[in-house]
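Biologist: I would like to learn how to read helix packing and nonpolar cores. Please take me through this one.

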Amino acid sequence: DPRISIATLPWTPLTYAALLWGFYNAAFAMIFGFGALVLAERGMPITDASSAVSSYILAGAIAIPLGGWLADRTGRANLVVFVSRVGGLLVFPAVLYLPDSFLMVALIMGGLLVGLAPGPIVAMPGLILAPETRAFGTGIFYSMYYLIMMIAPTVAGGLADAMSDVNVAFILGSAMMLVAIIAHWAFQQTASSPPVEV
C-alpha cells in the first residue's frame with residue numbers, strides 16, 4: 001500500500017480551496033442566521049421575514065444541481081463559481097439598502113446565484129490531490145472548512161451583539177464572500193492541475 005506523506009500534500013491550493021468553501025458557507029450562514037432579524041429591523045413582520053429567508057434558502061437548494069450541470073456542460077467551472085460568488089456578495093447590500101418591494105426578488109435571485117457554486121467547489125480537492133492521498137487530503141479540506149464554520153458565525157454574532165447592530169453580521173457576510181472570491185483566484189494561481197480555465 002502507498003504510504004501517505006503529509007509533506008507531499010498540495011497544502012497551498014488545498015488551503016485556498018478550503019478557505020473558499022469555508023467562507024462561502026459562513027457568508028451563506030449570515031443570511032439564514034441573521035436575515036430574518038435584519039429584515040425585521042427594516043420593519044418587515046417577523047413571519048414575512050422568516051418566509052423571505054426561507055425563499056432564499058430554497059432557491060439556493062434548487063440551484064445546487066444546476067450549478068454542477070453548468071460547470072460540467074460548459075467546462076467553465078471557474079466562471080460558474082465566480083458568478084455565484086459575486087451574486088452572493090451583492091445580496092447583502094441588496095437586502096440592506098434596496099426598497100422593500102424589491103427585497104423578495106433580490107433574495108430569490110441571490111439564492112439562485114449563490115447556489116450554483118457548491119458542486120464545482122467541492123470538486124476542487126479532487127483536481128489537485130493524487131489518488132493515493134485523495135481521501136486524506138479531502139479530510140484535511142473538510143477539517144479546515146468546519147473550523148471556519150465554527151469560528152466565523154460566532155465572531156459575527158459576537159460583534160453584532162457588542163455593537164448592538166444586527167446589520168454588522170451582513171457587512172461581515174459581504175467580507176466573507178469577498179474572501180471566498182480572493183481564495184478562488186488564489187487557488188487557480190497555485191493549483192498544479194487547476195480547474196478548466198474561464
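Biologist: How do the axes of helix H1 and helix H3 cross, and at what angle?

Modeller: Two packed helices are described by the angle between their axes and the distance between the axes. This is a predicted model: local features need pLDDT of at least 70, side-chain atom pairs count only at pLDDT 80 or more, and totals for chains, interfaces and linings use all residues. Residues are numbered from 1 along each chain as its sequence is written, and side-chain values use heavy atoms, leaving out hydrogens and water. Here H1 (residues 11-41) and H3 (residues 77-97) have axes that come within 11 Å and cross at roughly 25°. Helices are DSSP runs (H or I, at least four residues), numbered from the N terminus. Axes are lines fitted to C-alpha atoms over the stretch in contact, with angles from 0 to 180 degrees between N-to-C directions. H1 and H3 are therefore roughly parallel (under 35 degrees).

Biologist: Which residues of H1 and H3 meet?

Modeller: Contact means heavy atoms within 4.5 Å. From H1, Leu20, Tyr24, Ala27, Met30, Ile31, Val38 and Leu39 meet Val81, Arg85, Val91, Phe92, Val95 and Leu96 of H3. Twelve of the residues in this contact are nonpolar, none is polar and one is charged. Nonpolar covers Ala, Val, Leu, Ile, Met, Phe, Trp, Tyr, Cys and Pro; charged covers Asp, Glu, Lys and Arg; the others, Gly among them, are polar.

Biologist: How many residues has the largest nonpolar core?

Modeller: A nonpolar core joins buried (under 20% relative accessible area, 1.4 Å probe, protein chains only) Ala, Val, Leu, Ile, Met, Phe, Trp, Tyr and Cys through side-chain atoms within 4.5 Å. The largest has 49 residues, and Met30, Leu39 and Phe170 have the most contacts inside it. H1 gives the largest share, 16 residues.

Key: Helices (H or I, at least four residues) and strands (E, at least two) are DSSP runs, numbered from the N terminus. Angles under 35 degrees count as roughly parallel, over 145 as roughly antiparallel, 65 to 115 as roughly perpendicular and the rest as oblique. Buried means under 20% relative accessible area, exposed over 50%, partly exposed in between (1.4 Å probe, protein chains only).
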